[in-house]
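Hello,

Here is the structure I promised to pass on to you. Have a look at it first, and then read on for what was found in it.

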Amino acid sequence: QSQSVEEIRQGSFDVCEVLVETLLVFEKRINDKKMDVDVEIPDDGMPVCGDRDSINQVIYNLLENALKFSPEGGKLSLSVFKQSGKAYVSVKNSGDTIPEEYQEKIFDPFYQMEGNANADSSTGIGLNVARSLAEMLNGSLIYTIDEGLNCFTLRLEAAVNEQVSKESALLEDDSDFDVESVDDESSDDSLRESVILIVEDN
């Protein structure tokens with residue numbers, strides 16, 4: 001369920017840890033579906049301002065729906081980067097892309113695209129909840145198509161003067177995912193437009 005403004009707690013934390021932690025929740029489903037997963041995160045983490053639980057819920061919704069709408073053996077690409085003082089989380093997945101005329105409608109509550117094979121198993125509120133939470137945190141969530149992939153990009157407020165250790169137990173986890181650290185300065189140069197196919201919240 002979504003949170004009210006009163007329930008949003010502001011703080012600073014490493015969003016890379018949240019991303020990897022949430023990804024590991026889906027590890028079995030990803031392996032069962034034989035997904036090709038690529039993760040790129042800054043070598044020294046990415047501290048952001050906001051409510052950790054709310055951002056976790058947004059990322060969870062995005063990953064849940066990316067898996068639901070990706071074909072078996074499809075691609076899931078996740079990245080965290082910084083541009084113009086803002087932090088971005090990008091989720092990309094293969095599968096049918098969304099026509100331009102529906103790209104804003106998918107954020108409406110209970111909206112479901114006609115002809116979607118997964119519509120019966122979707123509540124149609126995941127994207128609406130995700131965008132609402134992002135906006136409560138002074139961020140945004142947009143959909144684009146990037147090189148044939150569904151792309152959802154979450155923009156967050158980057159924390160200032162925060163030091164986050166890259167020695168995170170999450171990043172050392174013995175999983176099947178290839179978590180690649182990237183130089184934050186180089187990732188700042190090109191906005192890797194995001195990712196993901198979402199439409200639901202469990």
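**How the helices pack**

Helix H1 passes helix H3 in a right-handed crossing. The two helices pack with their axes 10 Å apart, at an angle of about 45 degrees. That angle makes H1 oblique to H3. On the H1 side, the contact is made by Val 15, Glu 17, Val 18, Leu 19, Glu 21, Thr 22, Leu 23 and Val 25. H3 answers with Arg 52, Ile 55, Asn 56, Ile 59, Tyr 60 and Leu 63. Sorted by class, the residues of this contact are 9 nonpolar, 2 polar and 3 charged. Please keep in mind throughout that this is a predicted model.

H3, which covers residues 52-69, also meets helix H4, which covers residues 126-136. Their axes come within 9 Å and cross at roughly 150 degrees. Angles over 145 degrees count as roughly antiparallel, and H3 and H4 are therefore roughly antiparallel to each other. Here the crossing is left-handed. From H3, the residues that make the contact are Ser 54, Gln 57, Val 58, Asn 61 and Leu 62. From H4, they are Gly 126, Leu 127, Val 129, Ala 130, Leu 133 and Ala 134. The contact of H3 with H4 has 7 nonpolar and 4 polar residues, and no charged ones.

**The overall plan**

The protein has 5 helices and 8 strands. Read from the N terminus, its elements follow the order β-α-α-β-β-α-β-β-α-β-β-β-α. The protein has 202 residues, and 50% of them count as buried. Taking contacts between residues at least 6 apart in sequence, 80% join residues at least 24 apart.

**The nonpolar core**

In soluble globular proteins, nonpolar side chains tend to be buried together. In this model, the largest nonpolar core has 45 residues. Which residues have the most contacts inside it? They are Val 15 and Leu 76. Several elements each supply at least two residues of this core: helix H1 (15-25), strand S2 (36-42), H3, strand S4 (75-83), strand S5 (86-93), H4, strand S6 (140-146) and strand S7.

Leaving aside its neighbours within four places in sequence, Leu 76 touches Leu 23, Ile 30, Met 35, Asp 36, Val 37, Asp 38, Leu 63, Ala 66, Val 91, Lys 92 and Asn 93.

Another residue to look up is Phe 152, which lies in strand S7 (residues 149-158). Is Phe 152 buried or exposed? Its relative accessible area is 0%, and under 20% counts as buried, so Phe 152 is buried. Phe 152 and Ala 66 are 86 residues apart along the chain, with 9.7 Å between their C-alpha atoms.

**A closer look at H4 and what follows it**

The buried residues of H4 are Gly 126, Leu 127, Val 129, Ala 130, Arg 131, Leu 133 and Ala 134. What do these buried residues pack against? Their partners are H3, S6 and S7. Met 136 also lies in H4, but Met 136 counts as partly exposed, at 32% relative accessibility. The C-alpha atoms of Met 136 and Gly 50 are 9.2 Å apart, while 86 residues separate the two in sequence.

Just after H4 comes Asn 138, with a positive phi of about 60 degrees. Most residues other than glycine have a negative phi. Asn 138 takes its positive value although it is not a glycine. Asn 138 sits in the loop between H4 and S6. With a relative accessible area of 53%, Asn 138 is exposed.

Glu 147 also has a positive phi, near 50 degrees, and is a residue other than glycine. Where is Glu 147 found? It lies in the loop between S6 and S7. Glu 147 counts as exposed, at 78% relative accessibility.

Methods:
Residues are numbered from 1 along each chain as its sequence is written. This is a predicted model: local features need pLDDT of at least 70, side-chain atom pairs count only at pLDDT 80 or more; totals for chains, interfaces and linings use all residues. Side-chain values use heavy atoms; hydrogens and water are left out. Axes are lines fitted to C-alpha atoms, for helices over the stretch in contact, and angles run from 0 to 180 degrees between N-to-C directions. Helices (H or I, at least four residues) and strands (E, at least two) are DSSP runs, numbered from the N terminus. Angles under 35 degrees count as roughly parallel, over 145 as roughly antiparallel, 65 to 115 as roughly perpendicular and the rest as oblique. A crossing is left-handed if the near helix is turned anticlockwise from the far one by less than a right angle, and right-handed if clockwise. Contact means heavy atoms within 4.5 Å. Ala, Val, Leu, Ile, Met, Phe, Trp, Tyr, Cys and Pro count as nonpolar, Asp, Glu, Lys and Arg as charged, and the others, Gly among them, as polar. Buried means under 20% relative accessible area, exposed over 50%, partly exposed in between (1.4 Å probe, protein chains only). A nonpolar core is a set of buried Ala, Val, Leu, Ile, Met, Phe, Trp, Tyr and Cys residues joined through side-chain atoms within 4.5 Å.
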